[in-house]
Every structure is written in C-alpha cells, then in structure tokens.
Amino acid sequence: MRIRRTATTLLVALATLIAATVTATPTTAKQAATGAPYCGITWGSGDKTAGALSSAPLIDVRTGRHDCYDRVVFEFDGPVTGYSVGYGETYTDGEGLALSPYTAGDALLRVSLRAPAYDDEHLATVPYRTGEHVANVLRYRTLRDVVFGGSFEGYTTFAVGVRARLPFRAFVLAGPGDHSRIVLDVAHQWQE
C-alpha cells in the first residue's frame, strides 16, 4: 500500500512537471520571438555622424519603399562623406526657423549634409526653396515628409518627418559614375 501511494505521488508529480514544461515552452518561444529585431535590424535611434565637409553639390533627392524600411537618397555631383542625422528639431539654414510646424509626422529627423546645394557660382543645384516638400511619400509605411531646410555656408539641411521615433541608419554609397549618395533608411518598426 505504501509503495502504491509513493508511486502514485511520483506519477502525479511527474505529470505536473511535464504539463508545466509543455505549457511553458510555447510561452518562452513566443517571448523570444517578441524581442527579436525586426527584419534583423539593429540600428537603434541614436544620432549618426560621419565624414567631412565637401564642395560637391547636391543634385537630387529621391525616396524608396522597401520591405523593412523606407529610404531617402541624397545624390551629389562628386565625392561626399559628411552627414549628421538625429531625432529632434530641424531649423532652416541661415535663418534659424523651426521646420516642425511645416513637416508631417509624429517624429522629426534632422538631416545635415556636409555639402552645399549650390555650385561654385552660388547657383542652386536643386529646384527646392527653403520650406518646400521635396518628395511624394504617399503610401509609405514610415516616411511622412521630406522638407528642404536650405543650404548655407556649405551645409544643407532637411527635415524628414516619420511616423514615430524608429531605428534608422545613414551611410555613403559611391556612384553612379563620379557621383556619391548619402542614404537614410528608417525602419518600419522596432521589434517583431
């Protein structure tokens, strides 16, 4: 009788342990998946800065939609490496006026390109005026606006409105030809 009671107790304890393990496993896997980076993105939302001042002028701004992020591309007529990108208020170059009232989105990326938007004769190399919206971002998941902040003393500024404070990266690409591009990617979300 005593052996039967001990065996029954052990079987109940073993069944409870197995049930707890089976129940806990899906929850643990789900928790691990929830904390996983979205599309493997580990960029973060801190300021990104690189490179030096250049005299190669900005000649084009374009945007693109991708599976995991939205993109803004700044193309220059020559080699450029310098930029500073971070969340916060953006001001017009030379005037110091805040662009937030004119920029759509719940968060604002201030983009300072270390290159002018004018040539050696100080003629504009892009068709935008300070405060103008430079891209159609209709149906983009993250981008809400791209506003030209002007160009002054070799620096060119943009306010990029996004849906929320999300991870982003900035980097330089060479080409096409002797041109160069500064690329800004903003993720669609933080985690899966």
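Author: Here is a friendly tour of the salt bridges, pair by pair. This is a predicted model, where local features need pLDDT of at least 70, side-chain atom pairs count only at pLDDT 80 or more, and totals for chains, interfaces and linings use all residues. Residues are numbered from 1 along each chain as its sequence is written, and side-chain values use heavy atoms, with hydrogens and water left out.

Side chains of opposite charge can pair when their charged atoms come close. The structure holds five salt bridges (a side-chain nitrogen of Lys or Arg within 4 Å of a carboxyl oxygen of Asp or Glu).

Let us begin with E75 and R62, whose closest N and O atoms are 2.8 Å apart. E75 lies in strand 3 (residues 69–76) and R62 in strand 2 (residues 58–65), so this pair ties together parts 13 residues apart in sequence. Strands here are DSSP runs (E, at least two residues), numbered from the N terminus. E75 counts as buried because its relative accessibility is 9%, while R62, at 31%, counts as partly exposed. Buried means under 20% relative accessible area, exposed over 50%, and partly exposed in between (1.4 Å probe, protein chains only). D60 joins R62 and E75 in a network of salt bridges.

Now to D185, which forms a salt bridge with R71, the closest N and O atoms being 2.6 Å apart. R71 lies in strand 3 and D185 in strand 9 (residues 180–187), so the pair ties together parts 114 residues apart in sequence. Both R71 and D185 are buried. D185 also meets R169 in a salt bridge, at 2.8 Å from N to O. R169 belongs to strand 8 (residues 168–174), 16 residues apart from D185. R169 is partly exposed, with a relative accessible area of 27%.

Conventions
Helices (H or I, at least four residues) and strands (E, at least two) are DSSP runs, numbered from the N terminus.
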